[in-house]
Amino acid sequence: MDIRFFQEYMTLVMHRNFTSAARELYISQSTLSRHIDALERDLGAELIYKSQPFALTEAGKVVMRHAPAIMNSYDAIVEQLEQLKNQQLIRIRIQDLLSLEPLFYGINKAIDDTKARYPYAVFDFVKTKYSSTIKQALTNDEIDVGFQRNLSPEPHTQPSDPSPEFRYIPIHDYQAELAFGIGKPLYEQMKGRELGFADFAGRPLMREANRANEEFDNDLKAICEREGFKAVIEYVTTNSDNDFYSREPGEMVVPLCRMPEGNTTPIDRHIKRNLVVIRPKSKHGPYLVTAHVLARVHPTNEVLDYFLERLEAIEEEAKPASPDTSS
């Protein structure tokens, strides 16, 4: 379909005459007739009664109501594409982390604010290599923005090894939880008991074989030692977070964190159907899962700087007085 046919149709309806409409359009009457016939074929409807005097069919009236909007949209597209030719697009690559999707409100809001100010900014969510830590992915220019999760007894805790090369923006604190399969022997043993971390001593902890989780896994090992036992971690190779959390854990225990109320992602629905989720008691806890956005301090660009500033401001405004640590 030639979009110009809508403009010619609008001109014809305004003149209600092929001869005068063709004259304004600087085309022959026969050409205008062919174009209107082509438009009717493309739309699958007769737009103008063939008898005299000139009159629109009901289909023709529908098309006439929408034709101005179609042409306005087309003109806007052409104008914006012309603007893009004169601008260099700036691409911001954000680590694609499906398990943090419910926490992306601030990120999505910062993206919208940034694109409003810099229309040539493009944001893509990309996968990192499983062999790369987040800091390596940033340093190796795989991504511009990544996520680091840590375990800590304190809210809004800065990572234990902050580097001056990276900018850290806290995006949430939620209490750490443990989950295990419904109906499994472990479930029968634990049912009805008030459980602490020590009750899981010797139980394998299921974790995703992805070095992006290295900081979290190191903290998990340290917390298990603090609770009096050595962590036994079994790593599972998966294609994505969704694949990992959809796995049947068997007799393994899955470390989680309590997500915001109303979370209805496929991951959350699977967990609610298939796993028992508890907040283990601890003399040292409760423990919190703290997530930070990471970005390199240098090199950077104006668009990325603005995005990070907006994200930091949005997260600061949304930060609760203290995380939910109730049992």
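**Exercise 1.** What covers the buried residues of α3?

*Solution.* The model is predicted, so local features need pLDDT of at least 70 and side-chain atom pairs count only at pLDDT 80 or more, while totals for chains, interfaces and linings use all residues. Residues are numbered from 1 along each chain as its sequence is written, and side-chain values use heavy atoms, with hydrogens and water left out. Helices (H or I, at least four residues) and strands (E, at least two) are DSSP runs, numbered from the N terminus. Buried means under 20% relative accessible area, exposed over 50% and partly exposed in between, with a 1.4 Å probe and protein chains only. The buried residues of α3 are T31, L32, H35, I36, A38, L39 and E40, and their cover includes α1 (4–15) and α2 (18–25), where contact means heavy atoms within 4.5 Å.

**Exercise 2.** Find which parts of the chain the pair F197 and Y287 ties together.

*Solution.* Rings of Phe, Tyr and Trp (its six-membered ring) pair if their centres lie within 6.5 Å, and planes under 30 degrees apart count as stacked, over 60 as edge-to-face and the rest as tilted. F197 and Y287 form an edge-to-face pair, with 5.3 Å centre to centre and 85° between the planes. F197 lies in the loop between α7 (185–190) and β5 (204–208) and Y287 in the loop between β8 (275–278) and β9 (288–296), so the pair ties together parts that are 90 residues apart in sequence. F197 is buried at a relative accessible area of 8%, and Y287 is buried at 2%.
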